Each structure stands twice: as C-alpha cells, then as structure tokens.
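Please read them next to the coordinates.

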Amino acid sequence: MRTLSATWTIFLRELGGFFLSPVAYVVTFLFVFANGWVFYQNCVGWEHHPQQVALVVRSLFSFALFWVVPISPLLTMKLFAEEKRTGTLEMLMTAPVTETAVVLGKFLAAHVFYMLIWSTLLLYVFTLHVLGRPHGPDWGPVWAIYTGLFFLGLMTNSLGLLASSLSRNQLVAAVLALTGNLGFLIVALGSWISYESSDLQRFFEYLSFSSHFSQDYTRGIIDVRYLAYYAVWAALFLFLSIRFVEARKWR
Amino acid sequence: MIGLTSSRLLIEVQGLCKSYGAVRALDCVSFSVEEGEVLGFLGPNGAGKTTALRILSGFLPGDEGVVQVAGLDVRVDSLAVRSVIGYLPEGVPLYPDMRVSEYLRFRARLKGVPRRRRREQIERSLESTGTTDVRGRIIGTLSRGYRQRVGLADALLNEPKVLILDEPTVGLDPEQVRQFRALLRNVGRERTVILSTHILSEVEIVCSSVVIIDRGRIAARDRAENLRSRLGRGLCVIAEIRGPQEDVARALRGIPGVRSLSRAEPAGDAGEGGEGGYVRYRLTSGAEDDLRERVYDCVRSGGWWLRLLQEESLPLEDVFLDIVGRKT
C-alpha cells in the first residue's frame with residue numbers, strides 16, 4: 001500500500017517534471033512538426049487517388065514509427081542520470097520509499113508522456129475524419145497501431161530507464177538506449193539476408209518491431225505474441241533498473 | 001555504557017565497518033546517541049563522516065556491524081528507520097525546477113505524512129525554518145542559505161526523532177552560518193540531532209556532545225564543554241622579551257615543563273629584533289602547568305627585559321590536530 005502511494009507520488013512529480021523540461025517540449029515540437037509536414041505532403045500527393053485517406057493514414061504512421069527510436073531515450077535519459085549527478089537520488093532514497101516504487105513511478109511518467117506525444121497524431125487522423133466525410137479513415141487500424149505503440153513503448157521506455165540508471169551522464173544514457181532501440185529495429189535486416197530460409201527469416205521478423213507494424217498493425221491486426229514479446233522485455237528491463245538503482249549498496 | 005540497551009538510547013552503532021574497494025572508510029566504529037542529544041561528528045575531510053551518516057540514514061549499508069535507530073536495525077527495517085529520521089545530505093540536493101511549497105508537498109507525500117496533517121506539517125516546517133516568505137519561489141533561484149533552510153524544512157516534515165545533517169553550514173557566508181546555527185539550536189531543543197562538521201567552533205556552539213573521527217576510527221567521544229579541557233593538554237604562554245635572541249631561546253627551552261617554543265609574530269612594526277628589540281615567544285606546556293613564574297625567573301636570571309607575559313588557552317584547531325595526531 002505504501003509502495004503504491006509512493007509510486008503515485010513519484011509518478012505525479014516526474015510527469016510534472018516533463019512539463020517543466022525543455023527537452024520534452026523540443027521533442028514534442030519536432031515530432032508534431034515533422035509529422036505534420038509528412039501528413040500535408042501525402043494529402044497533396046495522393047489528392048486524386050481513390051484510396052487517398054487510407055494511404056495517408058498508413059504512411060503517416062509508418063513514417064512516425066521510427067520516432068520511437070529517439071523519443072524514448074530522450075524522455076527517459078534524465079530520470080536517473082540527473083538525480084545521480086545532482087545528488088538528489090540521496091534525498092529520494094533516504095525517504096521511506098522502495099527502489100521498486102521509484103523505478104515504477106518514473107517509468108509510468110515517461111510512458112504516459114510518451115503516449116501523450118503519440119496522441120498528437122490523432123489530430124491528423126481526426127482532420128481526415130472531419131474533412132473526408134463520408135469517406136473518413138478506418139479507425140480500426142488506428143487503434144491497432146496505438147495498441148502496438150503502447151506495448152512497444154513499454155519496452156523502449158523501460159530500456160531508456162535502464163540506460164539512465166546505469167549512468168550519471170544523460171548523454172551517455174541516451175546513446176545507450178538509442179543503440180538498444182536501433183538494435184531492435186535493425187534485426188529486420190537479418191530477415192532480408194536470410195530470405196532463402198523462411199524459418200530464419202520469420203525468426204528475425206519476430207524480433208524486429210518495424211516488421212510487426214508494417215505487417216500487422218497497419219492492417220488492423222493485433223498479434224498478442226508481439227505484445228507479450230514487448231512486455232517480457234519491459235519486465236526484464238524494469239527488473240534490471242531496480243537492481244541497478246540498488247547497486248550503490250554493493251560497492 | 002555503550003552496548004547496553006537502555007530506553008534512552010536512540011542510536012546504537014557497534015563495530016561498524018565499511019570499505020570502498022581497497023579504501024577502508026570506517027574501521028570498527030562504535031558509538032551511541034541518547035535521546036535529546038545534539039551530537040557533533042567532527043573530523044577532517046575524508047575521515048568517514050559522510051559514510052557514517054549515509055549508513056545511519058539507510059542510503060548505504062555497512063559491511064559489518066550493527067546499526068540500530070530507535071531500536072530498529074537499519075538493514076532489516078530500512079523503511080521504518082527512514083521514516084523516523086530526517087536527513088539532509090551534504091550540499092543540499094533539491095530539485096531546482098520546483099517551487100518550495102510544491103517540493104515540500106511532494107516530500108511530505110513521499111514520506112507518508114497523512115493527508116489531513118500534510119498542510120499543517122508543511123506550514124510548521126516553513127515557519128520553524130523561516131522560509132514562509134519564499135514558499136512560492138522556484139528552488140533554483142534561491143540563495144544558498146535559503147536552500148539550506150528548505151532542505152532543513154524538508155528534513156523536519158515527518159517530525160523525525162533523529163535529525164541527521166551532513167556538513168550543514170558548508171558554503172554559507174558568515175551571517176548565514178550564524179543564522180543557521182541559531183536555527184539548529186532551536187531545532188535541537190526538541191529532538192536528537194547528529195551533525196557532521198570539520199569546524200570545531202561549530203561543535204562548541206551547537207552541540208552537546210562530540211565524536212571525533214579520523215581515518216575511519218573514533219579518536220574521542222566526550223561532552224562538548226569538556227572538549228577543550230580534555231583535549232587541550234596544556235596551555236600556552238606568550239612572552240615578549242628583549243635580549244640576545246639565541247641565548248633567550250636556549251634559556252626558555254631549558255625551562256622544565258616547556259614542550260614547544262616558537263617565535264610568534266612580533267607585535268607592531270617588526271624590525272630585525274621586533275619592535276624596540278622585543279621578540280614575542282610562544283611557549284606551550286605539556287601538562288596543565290602554569291609556566292609564567294618560571295618564565296619570569298628565567299628572564300630575571302638572564303638579566304633581560306620582559307614587557308608582556310600572558311596565558312592563552314590553545315586554539316581549538318591546535319587541540320584538534322593534536323588529537324588526530326597530525327602536526328601542522
């Protein structure tokens with residue numbers, strides 16, 4: 001019970017912290033601006049195409065997907081690194097709270113802000129919904145994509161948090177997490193190299209989140225195996241984060 | 001008696017050791033603190049003060065030994081211990097982007113202060129540390145002295161039985177130091193306080209008792225008012241003498257009971273032999289032993305002139321260096 005209320009307290013403070021942080025605003029601005037530009041170009045480019053609305057929605061999200069790679073590290077990099085650098089971790093960990101509560105609170109705050117950033121894309125879809133009447137977008141694939149993004153974010157945000165708990169330098173934490181995310185992205189290359197052996201190809205496709213999105217979510221398919229895959233990684237990363245925050249005690 | 005559990009003992013540390021790799025920060029340290037005591041943890045930089053306080057506050061575990069706060073083992077009941085102490089780390093790390101009142105609300109919730117008592121508790125903390133008028137300011141814009149007070153306000157939020165302060169006056173200007181010490185004396189009236197410092201006079205002003213720690217070991221433990229006399233083995237005599245300098249020095253060294261002799265800064269405008277040929281000597285005696293009569297006899301038998309002869313107690317800094325066995 002105490003852990004739960006401590007988690008909530010830390011969650012609120014960290015979420016508030018994002019709204020005070022210039023990094024969060026810069027990331028959100030770049031994200032909205034770049035996607036808005038892509039959205040506009042696609043709308044114009046497919047102006048007379050009979051499938052215009054569906055194509056615009058699909059390309060909007062398939063471009064946006066790659067934003068997962070930088071967004072999560074940029075949001076999570078400060079969470080522990082900054083506290084370690086300034087010494088506030090000592091304040092935090094001498095209050096009657098457990099490491100678990102601190103890690104979970106920070107993780108949830110990062111995840112909620114991550115979803116807030118993603119939710120800005122709904123504005124574009126909504127614009128199509130209003131202007132494209134009666135041939136508005138199909139909301140099914142959109143929610144499928146958001147489900148996928150939610151679970152993917154569990155993995156990338158917890159990886160970012162882990163990287164932050166390893167370093168007292170935000171930049172190092174961000175680069176570590178970025179490398180990890182790129183790793184998850186480019187295992188897809190393995191499937192191109194191994195296209196002759198279909199088993200190996202499928203193995204690599206299971207591992208890489210970009211193929212999950214291009215094959216399933218954009219068509220409105222939610223594959224629970226992928227969601228479980230992200231959740232397992234997230235659990236591992238969170239567990240390790242808790243251990244690394246405790247690690248000061250082993251030295 | 002250290003080691004016996006009495007209802008008045010609030011903190012008990014027995015055989016506490018801690019190493020960082022090959023560096024031994026604490027070497028079998030034992031001490032206890034009674035309720036209501038204001039204990040000064042005194043030692044040069046790197047003596048192990050911060051390590052000891054971090055272990056007491058549950059931030060780090062010790063390698064060996066038992067640490068009990070209010071009858072609870074710090075390792076076993078870490079959360080319970082942390083909820084009865086208020087800890088202010090060195091350098092007062094606070095979140096610079098929060099407002100003072102916001103920060104205190106966050107800390108009160110974190111420390112599990114019940115919701116209905118939270119507001120009242122925050123008010124009381126603000127008031128007792130004199131920070132009510134900066135409650136709306138952003139912490140990053142506060143002066144060092146105010147940040148220190150906000151840190152103390154934070155430490156007081158959960159009505160701690162023990163207040164642990166690590167080098168609380170470092171980095172303050174003399175006026176802020178004076179104010180902060182007055183604040184500490186006030187706070188220390190109602191609760192047990194442990195504070196670390198490397199400034200001796202601070203211990204005399206604020207503390208009721210003192211532990212001197214050096215290179216991970218406890219060098220002395222006493223009441224603060226006994227510090228000077230117990231540690232101050234010996235007194236110091238200042239004499240201004242006119243005469244052939246080498247003969248005078250030799251004769252002064254020959255006085256029984258003199259442990260050391262040094263030529264102090266001559267008074268006033270110093271020529272070759274000091275003002276008017278007078279040279280100021282500083283003699284220390286090994287025991288509680290008044291040297292003045294013997295110095296007078298010595299000067300008279302040499303046929304020299306004496307114009308000043310006075311006793312001084314040794315400055316605390318000298319006493320301290322003497323205790324920890326480091327010569328200047």
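1. The lining of the second largest pocket comprises 12 nonpolar, 5 polar and 7 charged residues. In this classification Ala, Val, Leu, Ile, Met, Phe, Trp, Tyr, Cys and Pro are nonpolar, Asp, Glu, Lys and Arg are charged, and the others, Gly among them, are polar. The model is a predicted one, in which local features need pLDDT of at least 70 and side-chain atom pairs pLDDT 80 or more, while totals for chains, interfaces and linings use all residues. Side-chain values use heavy atoms, without hydrogens and water, residues are numbered from 1 along each chain as written, and chains are lettered from A and ligands numbered from 1 in the order written.

2. The volume of the second largest pocket is about 350 Å³. Of its 24 lining residues, Arg13(A), Lys78(A), Glu82(A), Gln170(A) and Asp97(B) are the closest to the centre. Two or more lining residues come from each of α1, α2 (22–45), α4 (68–76) and α5 of chain A. A pocket is an open set of points on a 1 Å grid over the protein atoms alone, with protein on both sides within 12 Å along at least five of seven lines; a cavity is a set where a 1.4 Å probe fits but cannot get out, and lining residues have an atom within 4 Å of a point.

3. There is 1 cavity of 30 Å³ or more by this rule. The largest cavity holds about 30 Å³ of space, and its lining consists of Met91(A), Thr94(A), Ala95(A), Ile85(B), Tyr87(B), Arg107(B) and Lys111(B). By class these are 4 nonpolar, 1 polar and 2 charged.

4. Chain A places 25 residues in contact (heavy atoms within 4.5 Å) with 27 residues of chain B. About 2500 Å² is buried between the two chains, 62% of it from carbon and sulfur atoms; buried area is the accessible area (1.4 Å probe) lost on putting two parts together, summed over both. Arg13(A), Glu90(A) and Met91(A) give 30% of the area that chain A buries against chain B, more than any other three residues.

5. The rule finds 2 salt bridges across the interface of chain A and chain B, a salt bridge being a Lys or Arg side-chain nitrogen within 4 Å of an Asp or Glu carboxyl oxygen. Glu90(A) and Arg54(B) form a salt bridge through their side chains, at 2.8 Å from N to O.

Note on methods
Grid points are joined across faces, edges and corners, and a volume is the space filled by probe spheres set on the points. Helices (H or I, at least four residues) and strands (E, at least two) are DSSP runs, numbered from the N terminus.
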